[in-house]
Protein chains: 2
Amino acid sequence: MTDTCIRDCHALVPDPSGSLTLARHQDILIRGNRITELRPTGSPMEPGVTVLEGNRMLAMPGLINTHAHVPMVLFRGLAEDVPLERWFNEFIWPLESNLTEEDVYWGAQLGLIEMIEGGVTTVADHYFFMDRVAQAVEEAGTRGHLGWAVFSSRGHEALAETAAFAERWKGGAGGRITTCMAPHAPYTCDDGFLRASAEHAARLGIGIHIHAAEVMNQTLASVQKRGLTPIQVLRDTGILDVPTLIAHGCGLLPQDLELLARHQANVSIAHAPKTYLKLVMGIAPIRALRKSGVAVGLATDGAVSNNTLDIFESLRLMALLQKHEALDPEVMPIHEALDIATRGSAAALGMGDRLGVLAPGYQADILLVDIRGAHWQPPHNLLAGLVYSARASDVHTVMVDGRVIMRERRLLTLDKERVLTEVAKTMERLAQRVPESRIQRYQP
Amino acid sequence: MTDTCIRDCHALVPDPSGSLTLARHQDILIRGNRITELRPTGSPMEPGVTVLEGNRMLAMPGLINTHAHVPMVLFRGLAEDVPLERWFNEFIWPLESNLTEEDVYWGAQLGLIEMIEGGVTTVADHYFFMDRVAQAVEEAGTRGHLGWAVFSSRGHEALAETAAFAERWKGGAGGRITTCMAPHAPYTCDDGFLRASAEHAARLGIGIHIHAAEVMNQTLASVQKRGLTPIQVLRDTGILDVPTLIAHGCGLLPQDLELLARHQANVSIAHAPKTYLKLVMGIAPIRALRKSGVAVGLATDGAVSNNTLDIFESLRLMALLQKHEALDPEVMPIHEALDIATRGSAAALGMGDRLGVLAPGYQADILLVDIRGAHWQPPHNLLAGLVYSARASDVHTVMVDGRVIMRERRLLTLDKERVLTEVAKTMERLAQRVPESRIQRYQP
């Protein structure tokens, strides 16, 4: 029994060797929330099947944003052209003292709208008031891998509350929501707090999403203060013994690479290159990490460093910067860049067995990308197009878990006009900035 | 007498100190092909004025692409993940041996469509069969600064023919077309050929558009072969004595920077950062160049290195990379990036007195950028949005020389369906690649 057939699309699929290629003129059959078959188009359809015309568009797995702070879209454009320390202490953390639960709910919806419109079907979100983010994800029809960010300054009680959130929403929204513990970072969480986070995670059978080794001077400060790199702190506090997603790893020393390689079964890296350029954080050594078996996924980070939540842009920047940094244009070829954007990101969330591939048994998170725009023509090389020409605005149709949530760029779940109205109301209040009321201080 | 009023837009204009800012709720009045006034919206309109509703969109000067090979869109995606030497010798120059005049005409139209849709109103194009490019520009209603690319292997007769083209089209299309001499590069044109190019330019009262010092190893090869850098060769052959637009200058030595500074009244640099990342050419020292008075403009280069002709993308990459390379997030602040994208690019083409600014007396090349998309919300900082959030697909309306050529993303001059059909016909033939039939060899 087939529920839906996406008819006559060009599908991004692994070839027999595992390398991504384009299977032309395919029908993708879906039953419930899973892909059941890909086959050449033209076979007669069973009665009762809903047909979604693919119109020779490019079908690919829904994009995964492996590290974001979605509701931060509320502060978009408020912290420009400043160094990391001022970015935290004078902008972000003072601004965040303005946030209410209600703000987070509308901010999450705004960010989800931007992501759905850009083909992002799953987001690993690391923020506050996460029940409201979970509610927004549930309503949006997307997937969320959600962790309630917490600093040790808030105490172990707060940690227990965030663990309760993780337990409450684990498997929520019909399985579309997964959860994790989200201690902010080794420089804002003491060792006892990190250890307790790992214990909560182990107890709940979930993982951890954390910032670590974000930039090299953070790593060096940690070495100077306590003789340990942030990654070594993660090891010593038991974090690396549970599945751990690390943002951003731009400040990794050789001993960290070795340590992560030894824990590669548990550890993955979220890579957000636009933020790294804008805040001058350096470029994480993702090729070395991948070689040692560590999963690497694409991310945007929050919209106050990135300005957008556009994974196509992250993909393009990732590929271009790997060439630039390696001084080698043959590095990070198209098929590898696409592999990171699909299977890499799925693996980074520990979901490589069910997301990131268009194949029978995988969950039906599927984009149709419109390749008729002038910037795609002539279509000599559609895979090059995906990496180097595609725009978020080319995403035509978005399916998550077998359900179409955007069709011909029309959102079918969230109420965009309403969300924009609500966000506009809070804009002025949220832009107030009182440095003394910051929620935390950056002092690695 | 006013012909057209763009009513109630937010206009990107210089403040009294010259820094770009946003004047909110403006009417822009246009007579013929020029802006006559910007004033707060609300004044009654004279009868007979055509009103174009600005709908509180962002109005900015039409974008200028200071270095492209527009018809190369025909080869988009055919030369991926290869180093510069192979890119030329095994891909581009063999592919270009397939080109006919007719191909260039349709390719130019395809590229112009992509650029109009992305807000590019002027392009400095450096290619072959330029009569057909000029014809396409004339029909598109855009501006072209056109030079017929030529190698010394083709002989001085060919040079004279390209000079004849420059003379024929100078001031063409009602003044929308300007021309220049376009010797390819010091490594493909001998000194006599360069000298003759400069003489033709001086005789015709036009400038030169040339590739030079594209990458450092090109510069070092020149120094080794003949004891001169490519920029010194330009000086010795008289090129720097006429207005000269140089692509790309990623291989400049300190003595070149001094030399260019001394010739800053004549010399400008076209900056195409996406190509530099993709082909690993290094990043041109544009801040140092600007400090010494050399005009710097944004460019895409051809679509076989860039994959698109998207100046918003060039703008964003330029800003991000300047921060990254300088290791300083305060470098290249938003107002400076926008200055390069507007006044800088106009000055690079020697048109700073008539393009690149929304002010009375300037030519009416105006974009309306739609800022209602989720990726712009909330609109705390629209100038940050222009640099870090805007997409080519946000361009809503395009006016060139007082005439609307795209309205609500509908093209009003070129026939997109026809162009796509014609381009599709030639796709297979143009993808043939016979290395031995290359039009030139890269051997700097």
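B:Arg76 lies in the loop between β6 (63-68) and α1 of chain B. Helices (H or I, at least four residues) and strands (E, at least two) are DSSP runs, numbered from the N terminus. The model is predicted: local features need pLDDT of at least 70, side-chain atom pairs count only at pLDDT 80 or more, and totals for chains, interfaces and linings use all residues. Residues are numbered from 1 along each chain as its sequence is written, chains are lettered from A and ligands numbered from 1 in the order in which they are written, and side-chain values use heavy atoms, with hydrogens and water left out.

B:Arg76 is buried, with a relative accessible area of 4%. Buried means under 20% relative accessible area, exposed over 50%, and partly exposed in between (1.4 Å probe, protein chains only). The side chain of B:Arg76 makes a polar contact of 2.8 Å with the side chain of B:Glu114. A polar contact is a pair of N or O atoms within 3.5 Å; within protein, one must be able to donate a hydrogen and the other to accept it, and residues adjacent in sequence count only if both atoms are side-chain atoms. A polar atom of the B:Arg76 side chain also lies 2.7 Å from the backbone oxygen of B:Asn307. Contact means heavy atoms within 4.5 Å. Leaving out residues up to four places away in sequence, B:Arg76 touches residues of chain A, including A:Trp376, A:Gln377 and A:His380.

The interface comes next. In total, 60 residues of chain A are in contact with 60 residues of chain B. The area buried between the two chains is about 4800 Å², and carbon and sulfur atoms give 64% of it. Buried area is the accessible area (1.4 Å probe) that two parts lose on being put together, summed over both. In chain A, A:Asp81, A:His324 and A:His380 lose the most area to chain B, together 14% of what that side buries.

Four salt bridges are counted between chain A and chain B. A salt bridge is a side-chain nitrogen of Lys or Arg within 4 Å of a carboxyl oxygen of Asp or Glu. One joins the side chains of A:Lys323 and B:Asp81 (2.6 Å, N to O). Helix α11(A) gives the most to the side of chain A that touches chain B, with eight residues.

Helix α1 of chain B (residues 84-96) is largely enclosed by the rest of the structure, because ten of its 13 residues are buried. Among them are B:Trp87, B:Phe88, B:Trp93 and B:Glu96. The buried residues of α1(B) pack against β7 (120-127) and α14 (416-430) of chain B.

An unreviewed UniProt entry annotates A:Glu96, A:His184, A:Glu214 and A:Asp301 as "binding site". UniProt positions are given in the numbering used here, feature names are shortened, and annotations may be inferred rather than shown by experiment. A:His184 sits in the loop between β9 (177-183) and α5 (191-204) of chain A. A:His184 is buried, with a relative accessible area of 7%. A:Glu214 lies in the loop between β10 (207-212) and α6 (216-226) of chain A. A:Glu214 is also buried, at 5% relative accessible area. The side chains of A:Glu214 and A:Tyr187 are joined by a polar contact of 2.5 Å.
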